[in-house]
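Student: I have a structure to read. Can we go through it together, feature by feature?

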Amino acid sequence: MTRGNQRERDRERALARNGQKTKGKDDGLTPEQRRERDAKALQEKAAKKAAQAAAGGGDTKGKSSNKK
């Protein structure tokens, strides 16, 4: 049984439904700018987590800290 152009038609319909969205992220940044932005966000996240751990142990999300 052949499918004919069913796949192509379905792709066209999907594009129409999604408002001509393109694949992937296009935030207007170069790869270097994106790396810098992501590195800064990770540093801020690590600093926040370190401050939280220093303030009172932090949230362990149900994990036991007792190792035997």
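Tutor: Start with how helices are named: they are DSSP runs of at least four residues, numbered from the N terminus. Keep in mind that this is a predicted model.

Student: How far apart are Glu32 and Arg35 in helix 2?

Tutor: They are 3 residues apart, so about one helical turn separates them. The two form a salt bridge, and their closest N and O atoms are 3.2 Å apart. Glu32 is partly exposed at 42% relative accessibility. Arg35, at 52%, counts as exposed.

Student: How many salt bridges are found in the whole structure?

Tutor: The search finds 3. A salt bridge needs a side-chain nitrogen of Lys or Arg within 4 Å of a carboxyl oxygen of Asp or Glu. Asp10 and Arg13 form one, with closest N and O atoms 3.8 Å apart. That pair sits in helix 1, about one helical turn apart. Arg37 and Asp38 form another, at 3.3 Å.

Student: What span should the 26 residues of helix 2 have?

Tutor: Count 1.5 Å times one less than the number of residues. For helix 2 that gives 38 Å, and its end C-alpha atoms are 38 Å apart, which agrees. Gly57 follows helix 2, with a positive phi near 90 degrees.

Student: Where does Asp27 lie?

Tutor: Asp27 is in the loop between helix 1 and helix 2. Beyond its neighbours within four places in sequence, Asp27 contacts Arg34 and Arg37.

How values were computed
Residues numbered from 1 in each chain as written. Predicted model: local features only at pLDDT ≥ 70, side-chain atom pairs only at ≥ 80, totals over all residues. Heavy atoms only, no water. Helix = DSSP H or I, 4+ residues; strand = E, 2+ residues; numbered from the N terminus. Contact = heavy atoms within 4.5 Å. Buried < 20%, exposed > 50% of the residue type's maximum accessible area, 1.4 Å probe, protein only.
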